[in-house]
Amino acid sequence: MPELPEVEIAARNLREWTAGRSIVRVEASPTAKYVFRPSSPKAFARAVAGARFGEIRRIGKNLLVSLERDGAPLGVLAHLGMTGKWLRREAGDPPTRFSRARFALDDGAVLHFDDLRLFGRLRVVPGARFDEVPEVAALGPDPLDRGIDPAALGDALRRSKLPVKVRLMDQALLPGVGNIYASEACFRARVDPRRKGPSLAPREVKALAGAIVTAMKDGIARQEGPEITYVEEGGANPFLVYGREGEKCPRCRRAKIQRVVQAQRSTFFCPRCQR
DNA sequence: ACCCGTGTTCGCTG
DNA sequence: TCAGCGAACACGGG
């Protein structure tokens with residue numbers, strides 16, 4: 001699931017599910033110790049039980065959940081990792097398949113943090129001082145929230161010899177851009193993902209800046225619906241090039257989509273359209 | 001059995 | 001000193 005669009009959907013869902021609500025009880029699976037590091041599952045549950053929900057922000061792929069407990073601010077930083085998701089169930093429903101933490105609310109709902117691979121994280125942030133968390137402080141401006149300044153993007157690309165697709169995934173530059181949307185943005189901008197940053201012309205940088213934002217907005221639009229209770233997987237591949245090795249390019253319809261490996265991750269592109 | 005994986009972090013290296 | 005690289009993390013799914 002999770003790059004910026006998926007996390008944005010999660011944020012919207014969570015806002016709806018938690019508005020005005022309090023946490024009645026928390027269960028954290030003891031086997032999922034890794035999810036709660038550097039704290040423990042027990043300490044995490046103890047810290048947030050009884051809290052009332054406040055604002056929920058998203059920066060890149062991070063969810064910043066503000067809580068209030070005994071009149072004092074408290075925060076939870078949530079990251080979905082590779083396979084994390086937030087699901088809403090009713091009290092008494094069976095646990096979701098890879099449920100790692102369960103938050104019982106005062107309206108009878110139970111929010112599950114579900115995560116197959118255990119790369120997700122739930123972390124208590126004392127006083128909700130998110131800006132003191134190094135991983136949050138290191139993030140650049142959120143591209144959806146604040147837009148992308150082509151001049152700033154150009155500067156950043158010029159300062160690094162990394163292939164442009166790899167550079168786009170730097171969370172300090174463009175928080176929220178991950179492996180899928182980096183490929184998708186390069187395709188939309190017609191830029192070869194293997195190009196080195198400094199080789200890009202200003203008009204290509206500008207195209208990239210626009211392509212990143214529109215790719216993410218499309219991703220969000222695809223997933224939002226009138227009655228989302230939770231986002232399901234499965235179904236047709238919604239992406240233009242990602243996961244489409246060997247298929248005909250959706251733009252030129254002549255070349256075949258190629259897959260290459262960059263920085264240990266798969267990159268998909270059209271060798272004819274992307275220069 | 002084997003390869004793959006929508007993410008991040010850490011230790012090493014040149 | 002530090003950008004860049006590769007491994008590690010953990011566990012299915014195909």
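Select Asp-114 first. Asp-114 is buried yet has no salt bridge. Its nearest side chain of opposite charge is Lys-85, 4.8 Å away. A salt bridge here needs the nitrogen within 4 Å of the carboxyl oxygen. Keep in mind that this is a predicted model.

Stay on Asp-114 and show the element around it. Asp-114 sits in strand β7, residues 109–115. What does the side chain of Asp-114 have 3.1 Å from one of its polar atoms? The backbone nitrogen of Phe-98. Now show the contacts beyond four places in sequence. Among them are Thr-83, Gly-84, Lys-85 and Leu-87. Thr-96, Arg-97, Phe-98, Ser-99 and Arg-100 are also in contact with Asp-114.

**Next stop: DNA strand C**

Select DNA strand C and the residues around it. They include Tyr-34, Arg-97, Phe-98, Leu-116, Arg-117, Leu-118 and Phe-119. Sugar and phosphate make up 60% of the atoms of DNA strand C that come within 4 Å of the protein.

Colour this surface by residue type. Six residues are nonpolar, two polar and three charged.

Now zoom in on single contacts. Start with Arg-97: a polar atom of its side chain lies 3.0 Å from a phosphate oxygen of DNA strand C. Move to Lys-161. Here a backbone N or O atom lies 3.4 Å from a phosphate oxygen of DNA strand C. Which part of DNA strand C is 3.1 Å from a side-chain N or O atom of Gln-264? A base nitrogen.

**Next stop: helix α8**

Select residues 179–188. This is helix α8, and nine of its ten residues are buried, so the helix is largely enclosed by the rest of the structure. The buried ones are Asn-179, Ile-180, Tyr-181, Ala-182, Ser-183, Glu-184, Ala-185, Cys-186 and Phe-187.

What covers them? Show α1 (4–18), α7 (164–168), α9 (202–223) and β10 (265–269); the cover of the buried residues of α8 includes these elements. Then step past the end of the helix to Arg-190. Arg-190 follows α8 and has a positive phi, near 60°.

**Last stop: the salt bridges**

Side chains of opposite charge can pair when their charged atoms come close. How many salt bridges are there? The count comes to 16. Visit three of them.

Go to helix α1 and pick Arg-12 and Glu-8. Their side chains meet in a salt bridge, 2.8 Å from N to O. Both residues lie in α1, four residues apart, about one turn of the helix. Arg-12 is partly exposed, at 34% relative accessibility. Glu-8 is buried, with a relative accessible area of 9%.

Now pick Arg-58 and Asp-142. Their closest N and O atoms are 2.6 Å apart, in a salt bridge. Arg-58 is in strand β2 (residues 52–59), while Asp-142 is in the loop between α4 (134–137) and α5 (143–146), so the pair ties together parts that are 84 residues apart in sequence. Are the two buried or exposed? Both are buried. Keep Glu-8, Arg-12, Arg-58 and Asp-142 selected together: salt bridges that share partners join them into one network.

Finish at Asp-106 and Arg-21. This salt bridge has its closest N and O atoms 2.5 Å apart. Asp-106 is in the loop between β6 (99–105) and β7, and Arg-21 in the loop between α1 and β1 (23–28). The pair links distant parts of the chain, 85 residues apart. Asp-106 is partly exposed at 39%. Arg-21 is partly exposed at 25%.

Conventions: Residues are numbered from 1 along each chain as its sequence is written. Chains are lettered from A and ligands numbered from 1 in the order in which they are written. This is a predicted model: local features need pLDDT of at least 70, side-chain atom pairs count only at pLDDT 80 or more; totals for chains, interfaces and linings use all residues. Side-chain values use heavy atoms; hydrogens and water are left out. A residue is near a molecule or strand if one of its heavy atoms lies within 4 Å of it. A polar contact is a pair of N or O atoms within 3.5 Å; within protein, one must be able to donate a hydrogen and the other to accept it, and residues adjacent in sequence count only if both atoms are side-chain atoms. Ala, Val, Leu, Ile, Met, Phe, Trp, Tyr, Cys and Pro count as nonpolar, Asp, Glu, Lys and Arg as charged, and the others, Gly among them, as polar. Helices (H or I, at least four residues) and strands (E, at least two) are DSSP runs, numbered from the N terminus. Buried means under 20% relative accessible area, exposed over 50%, partly exposed in between (1.4 Å probe, protein chains only). Lys and Arg count as positive and Asp and Glu as negative; His and the chain ends are not counted. Contact means heavy atoms within 4.5 Å.
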